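Q: I am new to this structure and would like to learn how its features are read, one at a time. Could we look at it together?

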Amino acid sequence: MFLDRLASMEILADVGGRPGIDCGGFCTYCYFRGVKPVPPFGCKHCLPFRKGCDYCTRAIIEGYPGFKPLDAVVFDVAQASYGATPEKVTISGGGDLSCYPNLLKLVRILGQKNVPIHLGYTSGKGFKRGDEADELVDAGVREVSFTVFATDPELRRKYMHDKHPEAALSNLRIFCERCDVYAAAVLLKGVNDGEVLERTCQDLEDMGAKGLILMRFANHPEQGLILGNAPIIPGQDVHTVEEFRCIVTEMNQRYSIRITGTPLWDPETKAPFSLAHNTDRLRSLPELKRSATIVTGSIAAPLLERIFSALGRDVNVVATKKDVACLMTIDDLRDIDLSRVKRTVVIPGRMLAHEREVKKELSRDGIDRLIVRGPDRLTVDGEMSISMTEEEVIELELEAFAELIDEINALGV
């Protein structure tokens, strides 16, 4: 079999699937609910003379045609892993894995050589019996990312449109008992926060979950809704960034399981931007010899300012109104005060805009500016850091900031 040929690596088994269709129906709060056709944003993958590529037209809206056949998924994994032995296989896609009709068969095939398997996303809405998790763990599942929302079955029924919430929660308990589970919950203000969140945290702790990732609900464009579907829930209030951070901190202090937040924060590793809280580690970075302006999101901006202030060079940070930098689009640049922007401008590596349009927008005052894309990732959010140590986060950031400094030294003012 093909698994005899694999070397040390991690492999992604993409099963496809469409949000809202191959997941038992849209959750009330789903980022993809009500998505409207949008023109291509442009991105780093686009050709210099053409705005629009597969990534910024299809991938960001998870525009799969449906679940892939089992044979196609296995073939893709075989091609990706030729000549290597994977350390782990992550099964993921655009739908809910518990709704994938061939999930157990796929796990049995991929796990035949005792390769640990990670279920990259499931809410359990496709489980009906309540004991499906036992077979999946027996076949090789060792880690599960499970969207719980709340351990109150009626709240799951109402807000996740889960037709079998008791079965989903039963499987969650089995997964927690038999493998590593990182639960996730999108926080709706006044719905699953407060006492409901406390009950959820206590239940997960009792079940044996490794951690809980709290996700700040997005209901407006500045919070990250860029697909024409804001508001997702008309009239639904949203936690402020500071309110959300306080909730994450308090829950992590009160319960023994690891609790982090996205887009911020992780009380254990200080992510995102642990270096802002460990500025003594900046001494190991290359010397910053030139200056530039960094344009970023509103959450990252004060943390980046702290880091570059400690580095002691004239690199200024300009914040847009968008909370998360990688969800910035060309519209986010239109309100920037260009008198604060130097001749070299660093934009987020994954910003969804075409370089040609960025240059035009940032040169509208008649000054010809050089546009540079920074690294794809300068830090990590709670979804990644929850399974990392503080030192691992710092090492990742040091490598990314070294790359950024090299760019500024090569192209800066």
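Q: What is the handedness of the crossing in which α5 passes α6?

A: A crossing counts as left-handed if the near helix is turned anticlockwise from the far one by less than a right angle, and as right-handed if clockwise; here α5 passes α6 in a right-handed crossing. Helices (H or I, at least four residues) and strands (E, at least two) are DSSP runs, numbered from the N terminus. This is a predicted model, in which local features need pLDDT of at least 70 and side-chain atom pairs count only at pLDDT 80 or more, while totals for chains, interfaces and linings use all residues. Residues are numbered from 1 along each chain as its sequence is written, and side-chain values use heavy atoms, with hydrogens and water left out.

Q: At what angle do helix α5 and helix α6 pack, and which residues make the contact?

A: Axes are lines fitted to C-alpha atoms, for helices over the stretch in contact, and angles run from 0 to 180 degrees between N-to-C directions. Helix α5 (residues 153–160) meets helix α6 (residues 165–178) at about 115 degrees, and their axes are 9 Å apart. With contact meaning heavy atoms within 4.5 Å, α5 contributes Pro-153, Glu-154, Arg-156 and Arg-157, and α6 contributes Pro-165, Glu-166, Ala-168 and Leu-169.

Q: In what order do the strands of the open sheet lie?

A: Two strands pair if DSSP finds at least two bridges between them. The open sheet has 4 strands in the order β9-β8-β10-β11, with parallel pairing. Because β9 (316–319) and β11 (370–373) are at the edges with a single partner strand each, one side of each has no neighbour in the sheet. From one strand to the next, the twist averages 30 degrees. Strand β8 (residues 293–296) and strand β10 (residues 344–347) are joined by 2 bridges, and Thr-293 has Val-345 in β10 as its bridge partner.

Q: Which strands does helix α12 lie across?

A: Helix α12 (residues 390–411) lies across β8, β10 and β11, and runs at about 160 degrees to β11.

Q: How much area do domain 1 and domain 2 bury between them?

A: The size of an interface is often given as the accessible area lost when the parts come together. Buried area here is the accessible area (1.4 Å probe) that two parts lose on being put together, summed over both. Domain 1 and domain 2 bury about 2000 Å² between them, with 57% of it on carbon and sulfur atoms. Lys-44, Glu-222 and Arg-258 supply 25% of the area that domain 1 buries against domain 2, more than any other three residues.
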